[in-house]
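Q: Hey, could you walk me through this model? I'd like to go piece by piece and ask things as they come up.

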2 protein chains.
Amino acid sequence: MTATITEPNAANFSGADASFIEDFATLCTFGATEGGGVERLAGSTPDGRQRAWLTGIMENHGFRVEFDQIGNQFGLMELVPGAPYVVVGSHLDSQPTAGRYDGAYGVLAAAHAVARTAEACKKEGKQPKYNLAIVNWFNEEGARFKPSMMGSSVYTGKLDVSQALSTTDPDGITVREALSGIGSLGSGPGPRAAFAAEIHIEQGRSMERGGITIGLVDSNWAANKYEFIVHGEQSHTGSTVIADRRDALLGASMLVVAAREVANRYPDGLLHTSVGQLNVYPNSPVVVPSRVTMLLDLRSADEEVLAEADDLLHRRVAEIEEQARVSITRNSSHSWPVTPYQSEGVELAARVAESLDLPHSRVKTLAGHDSTNMKDIVPTVMLFVPSVDGISHNEHEYTTDEDLVAGLHMLTEVVRRLAGGELERAKSSLPS
Amino acid sequence: MTATITEPNAANFSGADASFIEDFATLCTFGATEGGGVERLAGSTPDGRQRAWLTGIMENHGFRVEFDQIGNQFGLMELVPGAPYVVVGSHLDSQPTAGRYDGAYGVLAAAHAVARTAEACKKEGKQPKYNLAIVNWFNEEGARFKPSMMGSSVYTGKLDVSQALSTTDPDGITVREALSGIGSLGSGPGPRAAFAAEIHIEQGRSMERGGITIGLVDSNWAANKYEFIVHGEQSHTGSTVIADRRDALLGASMLVVAAREVANRYPDGLLHTSVGQLNVYPNSPVVVPSRVTMLLDLRSADEEVLAEADDLLHRRVAEIEEQARVSITRNSSHSWPVTPYQSEGVELAARVAESLDLPHSRVKTLAGHDSTNMKDIVPTVMLFVPSVDGISHNEHEYTTDEDLVAGLHMLTEVVRRLAGGELERAKSSLPS
């Protein structure tokens, strides 16, 4: 790891930008880890503390704070009675031993960008066409409660709220209990959205390499995510001869290796495969494992590549079943295609970047984001700022203060234009 | 799995043998699983219940029950004031979703064999040369608390008692707390042993294939056990390009596969390799794992084969570090050579089997047993009865009632001879 993290330093900025960097430095203290990162799993005590702090920030700026039925935290300013909202935000929850910027930057930038927009409206005496909402989506990471992007999935009607609330973490605690425990369980579906915007760190290297400050996200990679269960047979690691074994961990390990081999068949950057989670039963030193559960995903910007790779992987599954004398079942799967963000939104963002003289380029998002859900119900603008060395989901995740502030300026102007109705014609291109 | 378990049926036996089978049927109810096995982890509630029941059995036969400083449970009968004891027993704790016979048979057979010997002494009016002890060793399995064979290791001075008592399970509960919780924490080093005996199921197929009822264990396999830690780097499973990844789970999986490949280089039965336990951090669906901890063991009856295989494996470790861009450290290791049981004890057991007309043969134990520890401090007789299909550490573990009773007869006569001093000359061959 080469990234050297510099602490946020408000002294290099003035006025509202300095306040933003000060607030970001405070945000970094919630769930801070010894290694310079944060650990704020969804619904945990540090998550509760940062949410309470965010409530204070939003109320100080004159926003009314409310939680919806799945714990999404909103700061609302109704400037146009009865009109729907421009919903701007990201997520404060994190992975274990995670970086400071993933999600957190986007929520705080939203709070400041929306507050600035509201103040500008009041100052200029101009009523916008839409109301303004800051959002902190619940459980984007999915580290403690599966699936990821839970809050925005419920908000956009893709996930049933009662199913989400009864989801349990590895200790058997439900989402409902965790949300109640941190005072974040509200009711109702949340405010009605007209448009959405999100800013996030890239979590890759392409912008840094290209000298780009603002990424205009025009689509997401396609992904196939699978839960595989490898079934073997418990036996004694000492006394069972090799020929008699049905070792579930051997089969699972072969599948981990096979997933990487499939990725290696393509030029780098074309296909990503991973196994992030793997659990062994009975996981005892002297017992040949009888069951391994694993989460495997394949991702590509090219749907044909993804389909071909998926086929290769499944052929390997069948071979591994025979070679390791195990059976492998696919317990669940979750796939999404390459889907574009509304081109009118990308074009609006490009105009804003031009007007602010910020180096910009179209990019694709490899990771899922709450905006991936939002774009399916309202025109949505998704922006990136660069990640130093592309490091993410790691305590060494880093984005410079200068890029954070450039992104804030960019987001503020996007929000101003969305609130003013500049993206209205994109609404007709949505699925009904 | 082909073994069909027949429930223990006392109706096929009479007298003391029927009582033994009845008691065994009762023992099978503690921690019974739906799949026909048992789950009685060391220091758990089911372990406490079966220990209380065993106390009753031993007290009914006139034994004084006491627990030593590490929770080994003894039933003592002092027939010769001040003399040391013939210590006979095994362990009642089990693996998760385990079989009914592993350890449990040996403890109950010991209780009945020793009680019969005591009764015979009284009936015949003959004073033995040594006192009689039944033992239920604490935590032989090591499934909940590492290392395995904990109770007999402390008893034989191989493991420090305070270290053992402060060992924690995955929930942070110490051995001391678990033992106190089930009323099994005593004090002192336990009774002084003169000789030891244990009977156990084979957990392999060799006796069944050879038509052997009694295995005379003459040595144990050599073993090298390692804890490897694979170190990678956390990153995002979606956005991190393959070339940038340092995936600890990929490295660990390659090592699991490599261990099996090393075993496959030898004819079946010559070398056993296994990974029974593997834990992934942070084990989140969308994070490339940064750390995997795994327990790997190699076992062979041939020390040269073991040394060669160990060397092959360690060469693969170095290759995997490079191929997967990870570093692999060896956190702990535990090895033992091929060590013989005292030949005088094997010969005594052979004479007993002849006298009882039981088909017998010398065998080696591939698994570790409490008697493996005991033989290093006193002359020790280790006996096996057959395992149907060799299945063990599995709910389908099975030994026929007929073999259980034959083993009980065998053990009873061995205990009688040990108490009478027949193995005295073997004491001189022990290390001082």
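What follows is a chat about this predicted model, topic by topic.

Q: Good. What rotation superposes chain B on chain A?
A: A rotation of 180°, with 0.0 Å of shift along the axis, and the RMSD is 0.0 Å. The two copies are thus related as by a two-fold rotation axis.

Q: Which C-alpha of chain B is nearest the axis?
A: That of Ser253(B), which is 2.2 Å from the axis.

Q: Now the interface. How many residues of chain B are in contact with chain A?
A: 58 residues of chain B, and they are in contact with 58 residues of chain A.

Q: Which elements of chain B give two or more residues to that side?
A: On chain B they are strand E8 (235–236), helix H8 (248–264), strand E9 (272–281), strand E10 (287–288) and strand E11 (291–300). The largest share comes from H8(B), with eight residues.

Q: How do the residues on that side divide by class?
A: The side of chain B that touches chain A has 25 nonpolar, 26 polar and seven charged residues.

Q: Why can you say the copies meet through the same surface?
A: Because 100% of the interface residues of chain B are also interface residues in chain A.

Q: Switching topic: what does the domain assignment give for chain A?
A: Domain 1 takes 10–221 + 339–429, and domain 2 takes 222–336. The C-alpha centres of these two domains of chain A lie 34 Å apart.

Q: Let's look at single residues. Where is Arg176(A) found?
A: Arg176(A) is in helix H6 (residues 175–181) of chain A. Arg176(A) is partly exposed, with 19 other C-beta atoms within 10 Å.

Q: Leaving aside neighbours within four places in sequence, what is Arg176(A) in contact with?
A: Leu165(A), Ser166(A) and Leu185(A). As for distances, the C-alpha atoms of Arg176(A) and Gly43(A) are separated by 9.4 Å, with the two residues 133 residues apart along the chain.

Q: And Ser94(B), buried or exposed?
A: Buried, with 31 other C-beta atoms within 10 Å. Ser94(B) is found in the loop between strand E3 (85–90) and helix H3 (104–124) of chain B.

Q: What does Ser94(B) touch, not counting residues up to four places away in sequence?
A: Ser94(B) touches Val38(B), Glu39(B), Arg40(B), Leu41(B), Asp102(B), Gly103(B) and Glu141(B).

Q: Now backbone geometry. Which peptide bond of chain A is cis, with omega near 0°?
A: The one from Lys146(A) to Pro147(A). Pro147(A) lies in the loop between strand E4 (131–136) and helix H4 (150–155) of chain A. In chain B, a cis peptide bond joins Lys146(B) and Pro147(B), with omega about 0°.

Q: What about phi of Asn139(A)?
A: Phi of Asn139(A) is near 50°, a positive value in a residue other than glycine. Asn139(A) sits in the loop between E4 and H4 of chain A and is buried, with 31 other C-beta atoms within 10 Å.

Q: Last one: where does Gln203(B) lie?
A: Gln203(B) lies in the loop between strand E5 (193–201) and helix H7 (206–210) of chain B. Phi of Gln203(B) is near 65°, again positive in a residue other than glycine. With 25 C-beta neighbours inside 10 Å, Gln203(B) counts as buried.

Terms used. Residues are numbered from 1 along each chain as its sequence is written. Chains are lettered from A and ligands numbered from 1 in the order in which they are written. This is a predicted model: local features need pLDDT of at least 70, side-chain atom pairs count only at pLDDT 80 or more; totals for chains, interfaces and linings use all residues. Copies are superposed by least squares on the C-alpha atoms of residues with pLDDT of at least 70 in both. Two residues are in contact if their C-beta atoms, placed from the backbone, lie within 7 Å. Helices (H or I, at least four residues) and strands (E, at least two) are DSSP runs, numbered from the N terminus. Ala, Val, Leu, Ile, Met, Phe, Trp, Tyr, Cys and Pro count as nonpolar, Asp, Glu, Lys and Arg as charged, and the others, Gly among them, as polar. Domain bounds come from an automatic or database domain assignment. A residue is buried if 20 or more other C-beta atoms lie within 10 Å of its own, exposed if 12 or fewer, and partly exposed in between; C-beta atoms are placed from the backbone.
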